[in-house]
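I set out to record what I looked up in this structure, entry by entry. The entries follow below.

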Amino acid sequence: MLLLGCIKEVSDYELVISLPNGLSGFVPVTQISDAYSKMLSKQVAQGELLEDLNSLSDMYSPGTLVRCIVTSVEKSADGRRSIKLSIDPKKVNKGLTASALVSGMLLSGIVSSVEDHGYLIDIGVSGTHAFLPRQKAQNYIKAVKRGPDMKIGQNLNCVIVEVKNEGRVVRLSVDRSDVAASLATERQNWTLSNLLPGLVVKARVQKVAPLGIKVSFLSSFTGIVDFMHMDPEKSMNYSPDQVIKACILSIHPTSKVVRLTLRQAFLHPGGSPNQLSNDRMGAVVEESTVKAFYKQFGAVFELDDGTLAFARLKHLSKTRKSFKPGAFKTGCKHKCRIIDYSLMDEMCIVSLKYQIIEARFLQYQDIHAGDVVQGKVFALKPIGMQVKVTDGIKGLVPSMHLADVILKQPEKKYNIGDEVRCRVLECSPAGKKLILTLKKSLVQSKLPVLSSYEDAKPGLITHGFVVCAREFGCIVKFYNDVKGLVPKNELSSEPISCPDKVFHEGQVVKVMVLKCEPQQERLLLSFRLSSKPAPEDKKECTPKKKQEVKYQIGEMVDVKVLKKKDNGLEVSVLEDEGNVIASIPTVHLSDFVANCKLLWHCLQEGDVLPRVMCLHDKGEHIILSRKSAVISAVQEEQVVRSFSEIQPGMLLTGYVRNVMPFGVFVEFPYGVTGLAPKVSMSDKFVTDTKDHFVVGQTVIAKVMSTDEEKQRVLLNLKLSECSSGDSAAESFALLNQYFKEMKEIRNLLRRRGEPSVARGLCELVPGKELQLVVQDVKEDGSALFSGSCVTGVTVTATRYHLGDKNIVPGEKTKALVLHVDALTSKVYVSLREELLKQRAKLVCVRGSQRTPSTLPSCST
């Protein structure tokens, strides 16, 4: 379908075109012309900018009329239709042949080449060489003010001045007076197969109807002027046989229906329709008067300033069921909001929907960096998540901003249609670009929003996120692409040798502005925030911070728990009468990751922990560890105290400091750190590093190589490489330590005198046989159980551990405890006969070897 359109917006990659009847379409950058597309391809192939390739914004501006052809109509994920267009002359003028070209014709052309004496113009006619002399283009070049020369890809309204050699050579004019005066006539031999939008014709009124006018033109053609395209000042004065001037708006390819406009702005080719002032967009009009109602289309209103507006049928009420036609009789008044402007109809588009009238955001211009917005998940893509804020506003949450931590599988956390609360990082109305974040630390931040360098006053404390961590420090980004540098000496009160091991991309941080130079867009920041002094009464209650006492790494101390924090325990050292405070991170409570959380949960203020090892002693920051494997390594001198002591082949005990996509950083006592690359992490193939290791996990690592100049250590964490020889003994030692800790945890729960549920969990140890009643069998094949010995506890068995039994609710059965999760009060059991029989055999063997008085209790 051929259409006359008006450029509404210009971006780097497309033109947004206003079409008749309030529609919009898009011309991709690849649909300008052959010559322009070839230059684009050449630039991509060379990988550098071409001097003679101009951007769309250099050649096109809003308000310019262009001839288009519809290339496709696509349905987007939210059900809206997207109209793709082309202004390529080879497609727009495909109905024309060289023999049909006649002087006086008005055609669309695109500059395809700049020559010494003029320009080659692509008019899309095969076998025709179209030329525009340079002198004939000078007035036009001065008028458009786009430089001293025309540009390849520039769209022109061309009038054929001369035709030679049966149409093989034509000379053109783009002079504005020639274009404006052009009129399509019978002499030009236009046919339905080559008729073009944008042609101005003399038409005769055949019939006047409420929804429009039927006209005839160019002797044998008929067309329709709908109600939106009658001249508003003459709409009631048209009569049959009246001769009027009209402009062709569209030609349907199959039905051959031609639609025209009588609006004055289109009756002189090369003109431009009236535009709406920016301050009017989004305005709420308290009283708009119904001028006309069309039951199949919508209603025309007169606004408070006398201009006309159109509301589509779906915008007249909240739903189709709530729509009342009687409310739209001529003269009725309604409250509405201007939601758009149709350049091709020279008319505001309004909505009467309450939710739109009251909406906080209507267009991208209404949104500012730092705003918190509600939206719905629209699509999940590799680059991030698309969020629909309103029908006309969509934003992108980059992958890095889907959560406070990097999500490897966002589809497990978010579903299409989910409501999300985001914060605006960046909004560019011109490019319809909206970047959002879902990081809770940013969304919920109460600190000032830093969205311009002018706002960055020294002393300002705000939240940002790390985009780069290198040897020189960290680069932190804020809103509207404002970013600054935290130099190495401002990262912490303690020296940090490798910032990239402490800070990661996407990490939300609190920073203070030290210095800003807005003109140069330079910003100096610090992570060292000035802290407020503690109140006097609190100072008296808190043990004195360690000042003169020094602890050696590896020194064993007894401590008392002072306070439980989110990331560990605050403790006081008993040897110094409780005057020295230190901390035990949660991950350092045990060698076993699962036990760390259990111990943190069970330990309470006042509990005493014996024989805890000093891991770091830096000024007032004492870090302690209860990791048995790490303590043993230090006591047995199987450690290195400096980089110079490291030798390839060594087996060292340490703990995971950081898990990155490319590998794992392992820290050893005395602060030496090494990297185990992805290929050296496991004997199995590693797809995602986080599937194999977690921060704080105790590991044995083998030194592969060292780089003294860069102070780097490469490690291997493969089990096949890290065994000292007697792997069975090592495994049993670890198991023994695990069960010791589980016994300690059960004793803590018992001593605590906690509710019966917790005490009951202490008795439910792996291997214990239970008498249960089937409570429910789920669709996935798993089952839930109840029983007097498991009151208040969730007991479950997976489909695999039901064996071949077909159980039903109410049935009594024996089960074997497989695992007890004390944190969630869940017990996992098995009904498999082979496990129950093995347990029975084990009891018999023990009974024959020991007296009854020496049998272990269920609590050990």
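**Aromatic contacts**

Rings of Phe, Tyr and Trp (its six-membered ring) pair if their centres lie within 6.5 Å; planes under 30 degrees apart count as stacked, over 60 as edge-to-face and the rest as tilted. The model is predicted, so I kept to its limits: local features need pLDDT of at least 70 and side-chain atom pairs count only at pLDDT 80 or more, while totals for chains, interfaces and linings use all residues. Residues are numbered from 1 along each chain as its sequence is written, and side-chain values use heavy atoms, with hydrogens and water left out.

I found 10 aromatic pairs in the structure. F217 and F221 make a stacked pair, 5.5 Å centre to centre with 25° between the planes. F217 counts as buried because its relative accessibility is 2%, and F221 counts as buried at 8%. Here buried means under 20% relative accessible area, exposed over 50% and partly exposed in between (1.4 Å probe, protein chains only).

F503 and F527 make a tilted pair, 5.1 Å centre to centre with 45° between the planes. F503 lies in the loop between α8 (499-502) and β29 (508-517), and F527 in the loop between β30 and α9 (536-541), so the pair ties together parts that are 24 residues apart in sequence. I noted both F503 and F527 as buried. Helices (H or I, at least four residues) and strands (E, at least two) are DSSP runs, numbered from the N terminus.

**Surface patch**

I then looked up a nonpolar surface patch of about 290 Å², made by F472, L485, L514 and L524. L524 belongs to strand β30 (residues 522-526).

**Strand pairing**

I checked β27 (residues 473-477) and β28 (residues 483-487), which run antiparallel and are joined by 5 bridges; two strands pair if DSSP finds at least two bridges between them. K477 stands opposite K483 in β28. The hairpin of β27 and β28 has 5 residues between the strands, and N480 there takes a positive phi near 55°.

Last, I noted that β43 (residues 794-797) and β45 (residues 826-830) pair in the parallel sense over 3 bridges, with T794 opposite K826 in β45.

Technical notes
Patches are made of residues with over 30% relative accessible area and no salt bridge: like charges are joined within 9 Å, nonpolar side chains (Val, Leu, Ile, Met, Phe, Trp, Tyr) within 5 Å. Accessible areas come from the Shrake-Rupley method with a 1.4 Å probe; for residues, only the protein chains shown count as cover. A salt bridge is a side-chain nitrogen of Lys or Arg within 4 Å of a carboxyl oxygen of Asp or Glu.
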